[in-house]
Amino acid sequence: MRRPGGRKAAAAGLIAAIAAMTGLGIGVTAQAAHASPATQRAPALLMHAALASTFPTDGSVVPTEPTQVTATFDQPVGITPSSLEVYTPDGDRADDGDATLVDAEEIAVTMLPGQGKGTYTAVWHVISADTHPVSGAFTFSIGAPSATHVPALEENPNTLVSILFAVARWVEYASFALMCGAVAFLIVCWPAGSRRSGVVRLITVSWAALLLSTLCGLLLQGPYAANDGIGQLFNAQLLNSTLSGTIGTASQARELMAFLAGGAASLLLPRLDRAGRRARILVGVAWAILTTAVAASWAVYDHASTGVQAPFGGVPADIIHLDAMAIWIGGLAVLAGFTLRRPTSGGAGDDGSGADTATNDTATNDTATNDTAADDTAAAAVERFSPIALGCVAALVASGAYQTWREVGAWDALADTSYGRLILAKIAGLILLIGLGYLARRYIRQGLRPARADAVATTTTDAPAAAGVLSAPTALDAADSVPRPCPGPASVPVMRRLRASVAVELAVAAVILAFTAVLVNTATGRESYAPTVTASQPFNTGGPGGAGTAHVFIGPARLGPNTIDLYFTGASGRDYVPAQVTAELYYPAKDIGPITVTLTQTARGQYRTELASFTFTGQWSLAVTVRSDAFDETTVSFPFGVH
């Protein structure tokens with residue numbers, strides 16, 4: 001007889017292996033980071049690449065034509081030959097069309113000789129370290145500024161490619177969960193299920209879907225990152241760019257691990273029901289390693305790999321999140337599709353002759369006995385999976401809350417950004433799942449366990465009576481003395497309700513996976529949330545009527561052009577009109593400044609500029625000098641952050 005502790009030990013082995021592989025994932029990621037020259041800089045706090053500096057400087061005027069135009073980012077980037085384009089004031093191309101990497105974080109393009117004076121526009125489009133495309137533009141002038149006639153600086157993403165890319169990611173996640181979670185469920189909760197042909201088909205189809213969706217994701221990454229159409233799916237240049245990046249390496253590793261997982265499952269499933277305790281523990285540990293390794297192949301290049309507390313916080317949290325998701329969804333799928341359904345049983349003889357009546361009765365009794373045994377095995381599997389599912393929910397909530405803090409950063413960003421709203425949708429779905437899970441646990445506690453106990457008691461009571469009947473001498477008694485189990489266990493109605501509840505859980509989980517597939521291709525809340533900077537500072541020039549308050553509004557406080565609004569109120573709260581106002585920008589991290597801000601008066605005591613341009617992310621300072629008369633003045637400073 002198999003000891004009950006075997007499956008507990010197998011579950012413990014799965015948890016230990018997942019923890020060990022998570023630690024290994026951290027180490028591998030850290031090693032990759034140390035191998036990159038980009039680690040000489042401070043780590044980027046944003047998930048997507050941000051423009052750190054340019055040459056020529058954005059908005060600057062240079063006396064002669066530069067030989068090269070460069071753009072430097074705050075993290076390593078991937079490029080295509082068109083990642084940096086320069087346009088003349090008339091909108092013609094001014095570069096040689098071949099952008100190159102100077103180093104991991106800097107791209108450059110060579111200017112064509114003989115360019116005239118005026119304002120030039122440089123348009124950039126690169127692939128962040130998390131494989132997502134970002135784009136922007138900056139300007140510089142040769143000799144003197146001029147009017148510009150530049151085509152659209154940024155194309156909208158190709159809708160079809162974006163949809164297909166999200167669908168491919170959804171299939172990746174779903175097939176990973178169905179394959180890895182289903183096998184884990186069989187190992188720990190329901191070894192007898194490995195004999196079901198439907199379960200084997202589910203795992204096989206999921207394995208094939210994981211391979212094909214990963215391949216499709218690789219092919220789609222090129223057009224998606226370059227904002228190209230589906231016709232560029234097999235573009236050799238784009239494919240080579242994808243394969244040489246992090247996503248290419250990770251996807252190829254996932255394909256290899258999926259092949260290994262498929263081979264392991266084909267060897268494991270036919271033998272699982274006969275495997276002993278130690279064998280299942282070893283198999284469980286090996287499967288946990290494969291599951292975690294596949295999960296890590298997403299974590300090392302998605303949002304988890306960059307930004308706040310990456311990689312040592314983001315990567316392991318993402319791996320735990322994906323592992324918990326797989327174990328939960330895979331277990332739900334097997335429960336709803338197979339465990340809570342009776343297997344199709346073969347019938348008795350079909351000729352209807354009276355001579356076969358005893359044979360038919362025996363076959364019927366055998367079928368009923370098999371059904372009862374299957375129901376008891378299924379009920380036991382449900383009870384084993386219930387605490388595991390609860391643990392998965394706890395892991396999902398904990399890791400999801402941490403990732404939300406990393407990637408959203410502010411409460412207002414939950415409602416004011418697309419990323420935040422998707423997070424809220426996921427939270428709503430998870431709350432619904434928790435409610436359905438609570439309902440399922442009630443079925444188990446109030447219906448399934450008592451029903452199983454009653455069925456066992458009934459079988460035990462009927463056994464001596466059957467034995468007594470068998471001892472009677474008559475032929476009729478002998479015929480009637482064949483043991484007949486009850487028509488069906490009392491747990492069958494409960495299991496039907498439980499199957500319906502689990503099926504709804506599975507449908508909700510599929511919707512949540514769809515949100516996740518969109519989420520990973522959306523700019524995080526920390527990046528896209530850009531509230532207007534508002535600040536007030538009292539001032540006193542020391543002269544008569546020189547006291548008041550300066551109010552500043554800066555928006556959107558992001559790289560590139562920004563608007564600064566400035567107005568003053570006096571001690572009584574009314575408009576204050578200074579004799580003179582000047583403003584200057586400083587960037588202390590690189591000792592840049594003062595940069596003069598040209599202010600235009602828009603009303604009494606109100607000033608505005610739309611020409612403020614920030615070329616670095618980080619902490620800036622606006623110094624406002626207020627003069628109340630010919631002799632008295634003071635300066636107040638407003639620190640603010642640029643994203």
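This is a predicted model: local features need pLDDT of at least 70, side-chain atom pairs count only at pLDDT 80 or more; totals for chains, interfaces and linings use all residues.

Colleague: Which strands form the open sheet with antiparallel pairing, and in what order?

Modeller: First, the terms: helices (H or I, at least four residues) and strands (E, at least two) are DSSP runs, numbered from the N terminus. Two strands pair if DSSP finds at least two bridges between them. Here, four strands make up an open antiparallel sheet, in the order E1-E3-E6-E5. Its edges are strand E1 (51-55) and strand E5 (100-103), each of which pairs on one side only. Neighbouring strands are turned by 25° against each other on average, direction ignored; axes are lines fitted to C-alpha atoms, for helices over the stretch in contact, and angles run from 0 to 180 degrees between N-to-C directions.

Colleague: How many bridges join strand E3 and strand E6?

Modeller: Strand E3 (residues 68-73) and strand E6 (residues 106-110) are paired in the antiparallel sense over five bridges. Within this pairing, Thr-70 has Ala-108 in E6 as its bridge partner.

Colleague: What is the strand order of the open sheet with mixed pairing?

Modeller: That open sheet has four strands in the order E2-E8-E7-E4. E2 and strand E4 (84-87) stand at the edges with a single partner strand each, so one side of each has no neighbour in the sheet. From one strand to the next, the twist averages 30°. E2 and strand E8 (residues 133-142) run parallel and are joined by three bridges; Val-61 stands opposite Ser-141 in E8. Helix H3 lies across strand E7 (118-127) and E8, at about 160° to E7.

Colleague: How should I read a nonpolar core, and which residues have the most contacts inside the largest one?

Modeller: A nonpolar core is a set of buried Ala, Val, Leu, Ile, Met, Phe, Trp, Tyr and Cys residues joined through side-chain atoms within 4.5 Å. Buried means under 20% relative accessible area, exposed over 50%, and partly exposed in between (1.4 Å probe, protein chains only). The largest core here has 73 residues, and Phe-176, Trp-190, Ile-203, Trp-287 and Trp-328 have the most contacts inside it. Among the helices that each supply at least two residues of this core are helix H2 (159-188), helix H3 (197-226) and helix H5 (246-272). Another core, of 25 residues, lies apart from it and includes Phe-568, Tyr-576, Ala-612 and Trp-620.

Colleague: Leaving aside its neighbours within four places in sequence, with which residues is Phe-176 in contact?

Modeller: Contact means heavy atoms within 4.5 Å. With those neighbours left aside, the contacts of Phe-176 include Leu-210, Thr-291, Trp-298 and Leu-322.

Colleague: How many salt bridges does the structure hold?

Modeller: Side chains of opposite charge can pair when their charged atoms come close. A salt bridge is a side-chain nitrogen of Lys or Arg within 4 Å of a carboxyl oxygen of Asp or Glu. The structure holds ten of them. In one, Glu-172 pairs with Arg-254, with the closest N and O atoms 3.4 Å apart. Glu-172 lies in helix H2 and Arg-254 in helix H5, so the pair ties together parts that are 82 residues apart in sequence. Glu-172 is buried, at 4% relative accessible area, and Arg-254 is buried as well, at 0%. These two residues belong to a network of salt bridges that links Arg-169, Glu-172, Arg-254 and Asp-302.

Colleague: Is Arg-93, which meets Glu-85 in a salt bridge, buried or partly exposed?

Modeller: Arg-93 counts as partly exposed, at 35% relative accessibility, whereas Glu-85 is buried, at 17%. Their side chains meet at 3.4 Å, N to O.

Colleague: Where does the loop residue Pro-56 lie?

Modeller: Pro-56 is in the loop between E1 and strand E2 (60-62). The peptide bond from Phe-55 to Pro-56 is cis, with omega near -10°. The peptide bond from Gly-555 to Pro-556 is also cis, with omega near 5°, and Pro-556 lies in the loop between strand E10 (547-555) and strand E11 (560-570).

Methods
Residues are numbered from 1 along each chain as its sequence is written. Side-chain values use heavy atoms; hydrogens and water are left out.
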